[in-house]
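This report describes a predicted model. It takes up, in turn, a sheet and its helices, the aromatic pairs and the nonpolar cores.

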Amino acid sequence: MAEVVTGGTEIPSNMTIYINNLNEKIKLEELKKSLRAVFSQFGDILDVLAFKTLKHKGQAWVVFKDVQSATNALRQMQDFPFYDKPMRIQYAKTKSDIIAKADGTFVPREKRKRHDERGKKKKDQQDANLAVASLNPAYAGTYGAAQPLSQVPYPGGPKLPEAPAPPNNILFVQNLPHETTPMMLQMLFLQYPGFKEVRMVETKPGIAFVEYADEMQSTVAMQALQGFKLTPQNPMLITYAKK
């Protein structure tokens, strides 16, 4: 993407970026999760702020841990097509503006919500760990990724390990958080040439298929996003899909 430096010297560099021209039809929680998924590739994110009020529609703030991460995000994601609209990005006017918003009732509500959801996320992670632990260790150790769920041996029934799928244009993605949406994955994978579509299975949360035009393009995306964390507990496991 072309690098665009906004604001000149009027707005000094800082660790918070301000984004507008966002699609106002997207639900608030989905918007925040998608923004976090897209921007976490540039560095640690301390918070993503968006508001329901009419005054703040179509806007969001992403707070990074350091200025360099914010700068890289601003330059590389300027005009990125996000939910069919190009993002407009600049540094937040001042640190105090965003801190003032965060210090109001918004952040405490987020903290309480995260606390309430912690029990559910812990259970989801335990379930994911059990699923991964049940996979064939020889296969996982050799190829650096777990088997697809369809290859998990039935309890008590022996099953020979299957060979990994040969390189092809479709990727099989595992260990996704249960709240992952197709749009969140699309935002990640369309950064790489040849992207065609994301397919998820409603009855099997935590997995997805991502299709590219050819196997070389799928391989580039797999190598770039292998282990990418949509949440701190969920590094993606990517293999070629079996056809």
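## Strand S7 and its partners

Val173 stands opposite Ile238 in S10. This position belongs to the pairing of strand S7 (residues 170-174) with S10, in which the two strands run antiparallel and are joined by four bridges. Val173 also stands opposite Ala208 in S9. S7 and S9 are likewise paired in the antiparallel sense, over four bridges.

Five of the five residues of S7 are buried, so the strand is largely enclosed by the rest of the structure. In a regular strand the side chains alternate between the two faces of the sheet. In S7, Ile170, Phe172 and Gln174 point one way, whereas Leu171 and Val173 point the other way, and all are buried.

## Aromatic pairs

The count of aromatic pairs, with ring centres within 6.5 Å, comes to seven. One of them is formed by Phe51 and Trp61, with 5.9 Å centre to centre and 70° between the planes, an edge-to-face arrangement. This pair links distant parts of the chain: Phe51 lies in the loop between strand S2 (45-49) and strand S3 (60-64), and Trp61 lies in strand S3, ten residues apart. Phe51 is buried, with a relative accessible area of 16%, and Trp61 also counts as buried, at 8% relative accessibility.

The rings of Phe172 and Phe209 have planes at 40° and centres 5.1 Å apart, so this pair is tilted. Phe172 in strand S7 and Phe209 in strand S9 are 37 residues apart, and their pair too links distant parts of the chain. Phe172 is buried, with a relative accessible area of 3%, whereas Phe209 counts as partly exposed at 24% relative accessibility. Elsewhere, ring pairs link Tyr18, Phe51 and Trp61 into a cluster.

## Nonpolar cores

The largest nonpolar core has 28 residues, of which Ile17, Ile19, Leu35, Phe39, Phe64, Phe82 and Met87 touch the most other members. Two or more residues of this core come from each of strand S1 (16-20), helix H1 (28-39), S2, S3, helix H2 (67-77) and strand S6 (88-91). H1 gives the most to this core, with five residues.

Which residues are in contact with Phe64, leaving aside its neighbours within four places in sequence? They are Met15, Ile17, Phe39, Phe42, Gly43, Asp44, Ile45, Leu46, Ser69, Ala70 and Ala73. A second, separate core has 23 residues, and Leu185, Tyr192, Ala208 and Val210 are among them.

How values were computed. Residues are numbered from 1 along each chain as its sequence is written. This is a predicted model: local features need pLDDT of at least 70, side-chain atom pairs count only at pLDDT 80 or more; totals for chains, interfaces and linings use all residues. Side-chain values use heavy atoms; hydrogens and water are left out. Two strands pair if DSSP finds at least two bridges between them. Buried means under 20% relative accessible area, exposed over 50%, partly exposed in between (1.4 Å probe, protein chains only). Rings of Phe, Tyr and Trp (its six-membered ring) pair if their centres lie within 6.5 Å; planes under 30 degrees apart count as stacked, over 60 as edge-to-face and the rest as tilted. A nonpolar core is a set of buried Ala, Val, Leu, Ile, Met, Phe, Trp, Tyr and Cys residues joined through side-chain atoms within 4.5 Å. Contact means heavy atoms within 4.5 Å.
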